[in-house]
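Open the model in your viewer and keep the selection tool at hand.

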Amino acid sequence: MTHTSTGTDWGKAHFEAIYNCPDPRRYFSTLQPLEYQIPQHGQAVFRALAAALQRRRGDRPPLRVVDLCCSYGVNAALFNHELTLDDLYRRYAGTGPNTPGGDRLAQADRAFYAARRRPAAARITGIDAAERAVGYAVAAGLLDHGFAANLEDEAAPPELCRALDGTELITVTGGVGYITARTFARLFDCVSAPPWVAAFVLRTVSYRPVSTLLARAGLVTERLTTRTFRQRRFADEAERRAAVEALARRGLTVGGKEADGFYHAELYVSRPAADVAALPLAELLPAF
């Protein structure tokens, strides 16, 4: 996902050149060799959470989801369509230099995704600092609303606040550490009732400032304790060493996790206390 620096830097490789292109081909062709996979894990988790929300809410209009650091709409593509991340790699990473891109690709993608859309798809609002990436995701029909906004540095504009009201689920697979509790605070300023929040967070980063902010908003945060999730391979040895050092500063070891050469993320789910009491995380996500 697309990130902007907020002063949190643990030696992670920077890929700024791929995050704000007219279309996602460079993004996928760069990340495929690193086995970037966290959106695929997100697909399974977010769909399970959405199903639980749908059961709780009964027969109502489509679920309203906000995807933070949405980049080219990857999470939306996987959430709302009968596709896997490998399908997206095949579509975008294997294209030749003469393949039409930009607006022409977005137009073709609109038909591609429409043909694969799941019944009762969610309405997804995407937020990212990368204007061209968000623009592609809207043009391709992946986002119902897209906003190029950096909520670390500025309050949500009125049109974004209007789009956020009524949100039921906030998702993020790659942004925490670049976005902080400040972004979440500005999001929650726009909603009348606190939504569920599902965040995959690299183990090199503490989620405590965000969970503390969410607690003030009335949400209880649970961490999935049964497993972690691979994000991608380390780009090089320097990145691996920096990650190990960051983990050591947090009192964490790499055995059985980052020792395999991948960043590992933990899943945090925040919900109102009554929802947690009625259905603890282990029962909400029994398959994980």
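**Stop 1: two helices**

Select α8 and α9: they are roughly parallel to each other, because angles under 35 degrees count as such. This is a predicted model, where local features need pLDDT of at least 70, side-chain atom pairs count only at pLDDT 80 or more, and totals for chains, interfaces and linings use all residues. Residues are numbered from 1 along each chain as its sequence is written, and side-chain values use heavy atoms, with hydrogens and water left out.

Helix α8 covers residues 181-188 and helix α9 residues 208-216; their axes come within 9 Å and cross at roughly 20°. Axes are lines fitted to C-alpha atoms, for helices over the stretch in contact, and angles run from 0 to 180 degrees between N-to-C directions. Helices are DSSP runs (H or I, at least four residues), as are strands (E, at least two), numbered from the N terminus.

Now show the side chains. On α8, pick Ala181, Phe184, Ala185 and Phe188; on α9, pick Pro209, Val210, Leu213 and Leu214. These make the contact (heavy atoms within 4.5 Å). The contact residues divide into 8 nonpolar, no polar and no charged. Here Ala, Val, Leu, Ile, Met, Phe, Trp, Tyr, Cys and Pro count as nonpolar, Asp, Glu, Lys and Arg as charged, and the others, Gly among them, as polar.

**Stop 2**

Move to α5 (residues 102-114) and α6 (residues 131-139), which pack at about 50° with axes 8 Å apart. That makes α5 oblique to α6. Select Ala106, Asp109, Arg110 and Tyr113 of α5, then Tyr136, Val138 and Ala139 of α6. This contact has 5 nonpolar, no polar and 2 charged residues.

**Stop 3: the cores**

Stay on Tyr113. Which residues does Tyr113 contact, leaving aside neighbours within four places in sequence? They are Ala77, His81, Leu83, Leu88, Tyr92, Tyr136, Ala140 and Leu142.

Tyr113 is also among the residues with the most contacts inside the largest nonpolar core, which has 63 residues. Such a core is a set of buried Ala, Val, Leu, Ile, Met, Phe, Trp, Tyr and Cys residues joined through side-chain atoms within 4.5 Å. Buried means under 20% relative accessible area (1.4 Å probe, protein chains only). Helix α2 (residues 38-57) gives the most to this core, with 7 residues.

**Stop 4: a strand residue**

Finish at Thr171, in strand β4 (residues 169-172). At 3% relative accessibility, Thr171 counts as buried. Beyond four places in sequence, Thr171 contacts Phe46, Val65, Val66, Asp67, Leu68 and Ala198.

Note on methods: Parallel < 35°, antiparallel > 145°, perpendicular 65-115°, else oblique. Buried < 20%, exposed > 50% of the residue type's maximum accessible area, 1.4 Å probe, protein only.
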